[in-house]
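Hello,

Here is the structure you were waiting for. Please open it alongside this message; my notes follow below.

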Amino acid sequence: MTDDGPTADAPGDGRRAVRLSVPEMDCPSCAGKVEKSLDRVDGVGEVDTRPTAGVVSVGYDGDRAGESDAIEAIERAGYEVTQSGSDTGQDVDIAPPSAVWTGRRALTAWAGAAFLVAGLALEFLLTGLNRGLGTPLSLSVADLALLGAVLTSGAPVVRGGLQSARARSLDIDLLMGTAIIAATGVGLYIEAATLAVLFSVAELLEQYAMDQTRDSLRELLALAPEEATVRSDGQERTVPVDEVAVGDTVVVRPGEKIPVDGVVSEGESAVDQSPITGESVPVDRGPGDEVFAGTFAQEGYLELEATTDAEGTTLARIIDLVGEAQAETTETEQFVDRFAAYYTPGVVVLAVLTAVVPPLLVDGSATVGVAGVTHTFAGEPLTWFVRGLTLLVIACPCAFVISTPVSVASGVTAAARNGVLVKGGTHLEAMGGVDAIAFDKTGTLTKGELTVTDVVPAADASETEVLRYAGALEHGSDHPIADAVLDRAGQTGATLPEVSEFETLTGRGVRARVDGQTYYVGKPALFGVGGETVTDGGETAPGAGRGERRDDHRTPSGGEGSAGPVAGDDIAHSLSATERDAIERLQREGKTVVLVGTRSRVVGILGIADEIRPEAARTVEALHRLGVAPLVMLTGDNEGTARAVGDELGIDEHRAELLPEEKVEAVEKLEREHGAVAMVGDGVNDAPALAAASVGVAMGAAGTDTAIETADIALMGDDLGTVPYLHGLAGKARGVIRQNIWSSLGVKLLLAIGVPFGYVSVAVAVLVGDMGMSLGVTGNAMRLSRVRPDRFRDSS
């Protein structure tokens, strides 16, 4: 055996790999035949078949086997290889669209159908033309036409059956081929021709349905750009995207697709990121912002520095993981395969017994009563032979076996197209069955950034004045609170005055001279307000509890040396009832309270908090409508803040002041109390809790390798409103899988019961039990692609 061509991969140790397109391999039974055929090739090692994609990956020893050997083995199994990595120069991720209605198999089906129609017409309508031919077999013109149907439409089926027999695979081709040969052999030409033609048409319809299912993945693959415009040495050139290297300057003009992940170095544009994140509204991108391959620059010119090559983009990882997810065998699928291993041989044995035993036991006819209903069984051997053939058709478990993989493929691909990366059918099924969902607070239910939510000026001051002095003092601080105050001051257009003698007061705030007077910005205790008193050295007196927000304490950059309250009780006593009420209200809401003032007066009060996402409350409401309960918030924040956020959002339960390991314990406790639990977090800090949950869901995973790798499901966009869509899609997928399994089993059972009574013909068995159910489960699975996410993001 020789290697007669380049391969998709050629490691230096002699091991090689190639990925081949096999469109007609569209079910687990087909994949099994391909695997067995390849296993017999000397030098072939690892084989990975993906029937939902129509792709086979083959690893082999280049010194003992070649790509042509793998192709020949697949074609010996009865399946045409239409494309390989050698042909395209890159990996084949999915089989190309098939010429279902015009291919070789279709032509034999149409020719057989024409012969069948002619034979039936001569047999039942044009009887005057149906003359005997005087052959030793006493054939008529109608018989000859029917045999023509058997030869044209049945030959590919019988050939496939022989290949299945060689592979020792008891599959649909072997069962149907046996039935066609048996029916022809005993002179049942109508039954044989009907079976051959209907099964051939059924195969075409099933191939068409699978091709439609693959279209959703093809659309995902179509997002990958093929070319990029690279600028170097002042010159622009268009190159294949595979030639773009990390660090290259890539030019993207309005309306063009961004070819690789990168950081914008020049220009501004609205970018449609929906292919990656699922966001329905384009986002503005400018210098320093990250952009993703497969997204569109709607308007404006961009130059970006490539941060990945074509194989390392977020889109490429999504495509790879979707392919792996479709190839993964779920527990349900494993159960179905185990059941089918007993079902098919059992029904085959029943078919043989049906054809052989009754004629031996029933002489002429017999009447049998069952549950008050009588039925007369004919005793002619030919009648029971036909019924045995019918059971042989029913023995095929195709619809039953494909019910789970086509549903998983449809669901996983639909999710990916809407910004949700599900890393396996197991996780999709598990998400559909969760009884409770736990949320991290910071960065998940909230934005993860401190924001000034309230500005309460004193009676003799204005909001602008409060922000003017607060911003001036915070301009010299590096504390997160300072960033929040400066952002709010910038939004209002407040002009910040110059400051001097700036000083950080340990654990309490800052002070500086502004306009010739000393101003202070800090926590209420700095002004002698609240239940905490600052003593010498800046230490907190024993009255201070754990209820203080952990992020309230500023990292000191200097010290006052000795300080009690800056202005003591004289300021506290001078606060108006409105100001006291404002402080108490903000504290009840779990917000950080910051006072701005001098030794003699308070200018105003600021409320600062990690702002709740605008879509969070609607997400909670939507999940409640879907019947998910309880919804639990897990946070390391203090009890007061946790309670305030939980109450505002309508969260059922909250657990506060948790360390990472305590979050894991909380998840495990929820699972003991409520069953399956999903954990939604950022995928990095919450990795232990995500791993402990039945399903781990990471937020905002686009461009974050850790989140994509550690989570079971990754929400590529930073949109909490996608969680109800995910749960709804997963629940629907779970339901579709169950519907497909039980409906296919139920129909097969009813048909099997009706066969001995003569209620089910060969044609009905093919049309309903095989073709009908296979199309039914595929069509039912494709409904998942029509599930669209409800958007909960604030339209403003």
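This is a predicted model: local features need pLDDT of at least 70, side-chain atom pairs count only at pLDDT 80 or more; totals for chains, interfaces and linings use all residues.

An open sheet is built from 4 strands, in the order E2-E3-E1-E4, with antiparallel pairing. Strand E2 (44-50) and strand E4 (83-84) are the edge strands, and each pairs on one side only.

Strand E1 (residues 15-21) and strand E3 (residues 55-61) run antiparallel. They are joined by 7 bridges. To find your place there, look for Leu20, which stands opposite Val56 in E3.

Two helices go with these strands. Helix H2 (residues 67-76) packs on the sheet and touches E1, E3 and E4. Its direction makes about 40° with that of E1. H1 lies across E2 and E3 and runs at about 170° to E2.

**The second largest pocket**

How much space lies in the second largest pocket? The value is about 930 Å³. The lining has 38 residues, and the closest to the pocket centre are Glu24, Gly78, Tyr79, Arg105 and Gln207.

Seen by residue type, the lining divides into 17 nonpolar, 10 polar and 11 charged.

**A residue in H7**

Thr194 lies in helix H7. Is Thr194 buried or exposed? Its relative accessible area is 13%, and buried means under 20%, so Thr194 counts as buried. Leaving aside neighbours within four places in sequence, Thr194 is in contact with Leu116 and Ala763.

**Helix H13**

Why is helix H13 (residues 425-432) described as largely enclosed by the rest of the structure? Because 6 of its 8 residues are buried. Those buried in H13 are Gly425, His427, Leu428, Glu429, Met431 and Gly432.

**The whole protein**

The secondary structure comes to 25 helices and 28 strands. The protein has 796 residues, and buried residues make up 52% of them. Take the contacts with a separation of 6 or more: residues 24 or more positions apart account for 70% of these.

Best wishes

Terms used. Residues are numbered from 1 along each chain as its sequence is written. Side-chain values use heavy atoms; hydrogens and water are left out. On a 1 Å grid over the protein atoms alone, a cavity is a set of points where a 1.4 Å probe fits but cannot get out, and a pocket is an open set with protein on both sides within 12 Å along at least five of seven lines; lining residues have an atom within 4 Å of a point. Grid points are joined across faces, edges and corners, and a volume is the space filled by probe spheres set on the points. Ala, Val, Leu, Ile, Met, Phe, Trp, Tyr, Cys and Pro count as nonpolar, Asp, Glu, Lys and Arg as charged, and the others, Gly among them, as polar. Buried means under 20% relative accessible area, exposed over 50%, partly exposed in between (1.4 Å probe, protein chains only). Contact means heavy atoms within 4.5 Å. Two strands pair if DSSP finds at least two bridges between them. Axes are lines fitted to C-alpha atoms, for helices over the stretch in contact, and angles run from 0 to 180 degrees between N-to-C directions.
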